[in-house]
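Please look through the structure below with its charged side chains in mind. The paragraphs after it go from pair to pair.

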Amino acid sequence: MVFLVVAGAVAYRLAEPSHNWSDAFWMTIITLTTVGYGEVYPLGSGGRLVTVLLLLGGVFIVQWAIQRFLQLSNTGYFQRLRLRREQAMLDAVCDHVIICGYGRMGQEVASCMAREDVPVLVIDHQAQRTARAMEQGFHGITGDASFDDVLRKAGVERARSLVAVLGTDADNVYVALSAKALAPRVQIIARAESQEAASKLRRAGANDVVSPFVAGGRVLAAKALHPEAVSFMEVLAGTRYQIERIQLTTSQEEFSRLPGRSLAEVQLGARSGVLVLAINSSRGVQVNPGGQAVLHPGDQLILLGSARQRRAAEALLGLAAARVEVLEDPMDLHDESIQSLS
């Protein structure tokens with residue numbers, strides 16, 4: 001089409017010397033589009049011949065373009081092009097959370113992740129659910145989350161965690177098995193309807209298993225017994241502060257590298273900004289410990305702070321910190337920690 005426009009303009013210039021380049025291109029465009037505005041200047045025999053050839057050439061090229069477009073459409077070219085574009089977008093997603101199942105629980109998980117600005121990718125076998133997730137700003141894949149190719153397409157190797165909240169325990173077990181085989185380091189959180197299913201999910205590779213009935217019952221009991229503590233946890237869940245659990249090493253050599261034994265000597269709060277909520281050890285739980293509280297190998301520290309403050313506390317403890325666990329949901333604290341906060 002571009003060649004035809006340029007050739008027509010050149011032909012008009014040669015056939016009608018009175019036409020400038022602007023007039024030549026104008027005549028070419030109105031001839032090809034058949035809008036019928038009229039001639040700029042009366043055409044001679046040469047100009048009329050160019051017009052006839054342009055009309056014939058334009059009809060031929062337009063017909064060819066339409067046939068080619070229909071051919072590409074019938075062979076699925078545009079669908080493949082769209083799928084490649086979608087896959088390129090999915091390949092660019094990393095450090096995201098994969099949610100398998102976009103029912104009521106999956107939608108709630110996605111909403112919580114959105115409030116924390118965490119990238120979310122939804123997998124569901126129902127196209128309308130996937131479409132709803134994409135309308136809400138999430139990435140979506142329609143398919144069976146237990147299939148390896150679907151999980152690869154979702155980038156399970158690059159994901160920070162996978163949440164399996166499908167309708168049945170068997171489906172969640174299959175998802176956990178497939179995901180762990182493809183990405184051994186991915187964090188898997190699964191939903192279970194029964195205690196037996198929970199044990200199977202853990203054997204399948206799930207790092208954590210949540211039962212809606214058990215979790216709901218514990219929250220109700222905690223609200224009945226310790227309403228102030230639970231309210232504090234719910235308020236905390238909506239902020240940028242998180243609770244971190246640090247397990248101190250049992251190695252005396254590594255523990256001795258601390259700048260002191262008491263909290264006042266270590267200056268954990270003063271130098272990092274974290275709040276030491278409790279110290280959990282075999283000797284019991286110390287709630288809101290003061291500076292005179294003494295640390296021992298194997299103790300467990302419960303800290304509250306922002307991401308920057310927690311990183312500073314981890315750097316201060318150094319090798320003495322054997323294991324660090326950030327509680328994404330403060331309601332996941334053990335019962336004794338909730339009682340301690342109250």
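Arg129 has a relative accessible area of 26% and is therefore partly exposed; the classes are buried for under 20% relative accessible area, exposed for over 50%, and partly exposed in between, with a 1.4 Å probe and protein chains only. This is a predicted model, in which local features need pLDDT of at least 70 and side-chain atom pairs count only at pLDDT 80 or more, while totals for chains, interfaces and linings use all residues. Residues are numbered from 1 along each chain as its sequence is written, and side-chain values use heavy atoms, with hydrogens and water left out.

Arg129 makes a salt bridge with Asp124, with 3.5 Å between the closest N and O atoms. A salt bridge here is a side-chain nitrogen of Lys or Arg within 4 Å of a carboxyl oxygen of Asp or Glu. Asp124, at 3% relative accessibility, is buried.

How many salt bridges does the structure hold? There are 6 salt bridges. One of them joins the side chains of Arg160 and Asp95, at 3.2 Å from N to O. Arg160 sits in the loop between α7 (148-153) and β4 (161-164), and Asp95 in the loop between α4 (77-91) and β1 (97-100), so the pair ties together parts 65 residues apart in sequence. The helices (H or I, at least four residues) and strands (E, at least two) are DSSP runs, numbered from the N terminus. Arg160 is partly exposed at 37% relative accessibility, and Asp95 is partly exposed at 39%.

Another salt bridge is formed by the side chains of Arg310 and Glu244, 3.7 Å from N to O. Arg310 belongs to helix α15 (residues 307-317) and Glu244 to strand β7 (residues 242-248), so this pair links distant parts of the chain, 66 residues apart. Are these two residues buried or exposed? Arg310 is buried, with 7% relative accessibility, and Glu244 is buried, with 0%.

The last stop is Asp299, in the loop between β9 (284-287) and β10 (300-305). Asp299 is buried at 2% relative accessibility. Its side chain has a polar contact of 3.0 Å with the side chain of Arg283. A polar contact is a pair of N or O atoms within 3.5 Å; within protein, one must be able to donate a hydrogen and the other to accept it, and residues adjacent in sequence count only if both atoms are side-chain atoms. A polar atom of the Asp299 side chain also lies 2.8 Å from the backbone nitrogen of His296. Leaving aside neighbours within four places in sequence, Asp299 is in contact (heavy atoms within 4.5 Å) with residues including Ile246, Leu248, Asn280 and Val294.
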